[in-house]
Amino acid sequence: MAAPGRPMPGTDPTEVHRRKFLGYLVAAPTLAVGVQLFASSAKADAAIPTLPQPEDILDLGDAQNLAALPTSGLISVEINTDGTASFALPRAEVGQGMTTTAAMLIAEELDLPLDKVHITLADARPELMMNQLTGGSNSVRSMYTPIRTAAAIARAQLVNTAAKQWGVPASQLTTKDGVVAHKSGRSAHYGELTKAAASTTTTVAADVTLKKSADFTIVGTPQNRIDARDIVTGRKVFAMDMKVPGALPAMVRRPPTINGTVKSINNKAAVLAMPGVTDVAAITYGVGVRAQTFGQCIDALRALDVTWGPGTVDKESDATVLQKLKAATLPLAVPPLGALSVDAEFVFNFASNAALEPDNAIADVRSDSAEIWSSLKIPITAKEDIAAMLGMPLDKVKVHVVTGGGSFGRHLFHNVAAEAAEFSKKIGKPVKLMWSRTDDFRQGRTHPMSINRVRATHLLGNVLTFEQRHTSVQTDFSHGLGEVLTATAARLPVGGNLSFAETIFLLTQSVPYNFGVVTQLLNEIPLRFNTGSMRNIYSPNVVTALELVVDELAKKMGKDPVAFRRSFLRDAKLRAVLDKAVEVGQWGRALPKGVAQGIAVHSEYRGAVAVLTEVDCRPETVNRPVPTSEGVTGPRVTKATIVVDAGLPLNPKGLEAQMIGGMNDAIAIILTSSLHIKDGLPLEGSWDNYFYTRQWNTPPEVNVVIMPANSETPSGAGELAVAPVAASVACAYARAVGKMPTTFPINHGTLSFEPLPLEPSTPQSPTDGLDHTF
Amino acid sequence: MPTHTFQLNGTRVTVDVADDVRLLWVLRDILGVTGPKYGCGLNVCKACTSHINGKAFNPCSVPVSQIKDSDEITTIEGLPATVGADLHPMQEAWLEEDVAQCGFCQPGQIMAAVALVHKVRAEGRQITDEDLDGLRNICRCGTYPRIRTAIKKAAQNM
């Protein structure tokens, strides 16, 4: 027997006291329901005896939500005449699965099958102000209620429309699989009702009660990505795959140091005469070339003879940056107490947030208008900046957001879109501009080098003080989040004079243990590297330092690392995930000498994670053969157990994917991947130089455990796993080799590759591909 | 301009392009076949992995002049037709495991995986963890564990 459909809300007496949400019927030919984009802010419990740190009271996501409140525009769910629903998501999709989650939320509240929901990415919409920012693992948290509200109002409007047409009370109607039905047997699918349900003149306010999470049938169940089939068949379209008339391939010859400038092009005519080449022109950070194929762009940019001006950090190398960081570290307040203190200093080297899809954008700049296509996490800022650069009014610049092949923080910036627009304007033709792989590593954004100094003191079984000083090359936040947070921060209990970066630091960092007097401070040095966030901002570094010192404290105080953590943890959720990880990951099981376990916990984005990893440091593993002469092996994480409490897990399959992805990022930054800066440029220029985790580095055994729902709201997930896995791997490595590592990644001291030439900036592609078939 | 003729996904194609242009750009920029992706152009990331006469190779590192008239090039777009189905068993396994995240590397991953299974089978063996460790294709989203599961699963159905 078919399950009964859902009755009309309002007929259940238990719903009387439930909160109602407001939305609008938008004037349109078919039903369109708009809501303001906001979410209520959650508040964490204050903890004693450690005074609540700012992150406990109001974390970054809350601040983003608050900043959004008074300025929101409307986002709309539309019902089409074929019975499907459409929604233009004002967020980026870069692999994190936000489009799938949005479709699930709409399907749930509309009682519509998942495959009848179409999600597209919204163009830049300046009226949304800062409500069109994808970052800080905030998308699900900020969109959860608004999307459901719009869908629920749409459903109610469809039901009311049917009731009116059929002359029956709405309370007698049910909805299921996109059909409104009456007990008399009469029914209509949503597409048949949408025109009549539409609001013809002005918008009308409507409110609705949302489904209880206990009644969910789609949300909370494992669902595959809605774009999975397009992906496996090669049909998914990235910006580079788009066909915009006249937008021929374009690339840039770049200077040999970061942010170097063009003094002169010395052979422009000769390069213009090369096969396929149509245009050559100097732009801000190099010389653009446009040709029939990207291969001919590479030939052309390599043939260019350019005289370069200096860059912004030409005299800097790893060692000079490290020296400046050490000099800038803020003092610790508590003096060292000999045997009663743990003192440590950790170095985290530059790392790259390059995605596998190189930065690229299509730009078609005309004399009085412009159109841009790119993967952008803050498209409004991109639109504003590009309009200003082109000298055009905002409404003459269309910015389309395209699904991206990864981001990891990179697409918070729109450098490549601005560069494409600049080049298109200069030559008066459309371009599809792509950075080469080497450009992406050498001139692209980086996670800046930082040092983390820790001092903890203890007495009679208690930790009395815990001080952490994070000193970093400045993280560039100029992408526009700044205004919003600065505005919000003025109302925060963190003081009025903090710089933006300090605000972000305080909003994202906290110590989860009862360690007496706790201070965590940030200082930055203003070196002009091209930096930015990288799947978290500070947490992977800060938490790794923190958890390594926790293990040292436990050792000094004669306690087991798990028992020590359990006794000092402030938060019940963290204790619960810790216990689960200990059980599932079999903490303390017998392992050969040279193999060890590490445990770490982390709480952020209103989620909690515990990670238990095993790292094999035996010589036969460290020196195992790999299929490429330039791949690195080193210690291997052989097993990982990740336990996550995401509050209300919306899509367990997607959540698990984010945990797995975060894990592989963490393994890379602890064991293998970094940039080596020499004389103003990273030496890394390919994926065989920048050692992101490969198949031979990933754990053969991975177990992700998702804790049952325990909240009415979901936590963030995209970045959540990186910090605790990084810390866990570092702790396991320390135990396996019997010495706490202090420089990350642990292999940074050895340059495991022959650097590609600095000039020309992009190497030529090989020609021996047919010698390597299998 | 020289012309080059070969078999692409079961169809005979002829292109007019300079000899040294790498096949990847012939496929993407001239023929509009965009399943194979550019991730490095250095035969390192393997995002463009396709098949030549049934074997995995990387068109970013092969000048079009090296492709012979009789060569059969198969990209992800042509993979299902090699088994006469809507989807190849490797693609089915990819869907079952929901392997992809951003999806950019996945066509190359799938093409490499199919070739690996064929190679191991030709050697009369089952896929081992060491075989999987040997796959060079980068996934910057870190989907490796699900890739391993999907390949083992698909190998049962190929």
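Modeller: Two residues are in contact here if their C-beta atoms, placed from the backbone, lie within 7 Å. The model is predicted. With that cut-off, A:S539, A:P540, A:V543, A:T544, A:E547, A:L548 and A:D551 in α15(A) meet residues of α20(A). On the α20(A) side, the partners are A:V722, A:A723, A:P724, A:A726, A:A727, A:A730, A:C731 and A:A734. Sorted by class, the residues of this contact between α15(A) and α20(A) come to 11 nonpolar, two polar and two charged.

Two packed helices are described by the angle between their axes and the distance between the axes. Helix α15 of chain A covers residues 539-556, and helix α20 of chain A covers residues 722-737. The crossing of α15(A) past α20(A) is right-handed.

As for the setting, chain A is divided into three parts: domain 1 (6-225), domain 2 (239-312 + 359-434) and domain 3 (318-352 + 445-744). Domain 1 of chain A touches domain 2 of chain A, with 15 residues of domain 1 in contact with 19 of domain 2. The domain 1 side of that contact has eight nonpolar, four polar and three charged residues.

Note on methods
Residues numbered from 1 in each chain as written. Chains lettered and ligands numbered in written order. Predicted model: local features only at pLDDT ≥ 70, side-chain atom pairs only at ≥ 80, totals over all residues. Domains from an automatic or database assignment. Nonpolar A, V, L, I, M, F, W, Y, C, P; charged D, E, K, R; others polar. Axes fitted to C-alpha atoms, helices over the stretch in contact; angles between N-to-C directions. Helix = DSSP H or I, 4+ residues; strand = E, 2+ residues; numbered from the N terminus. Left-handed = near helix turned anticlockwise from the far one by under 90°.
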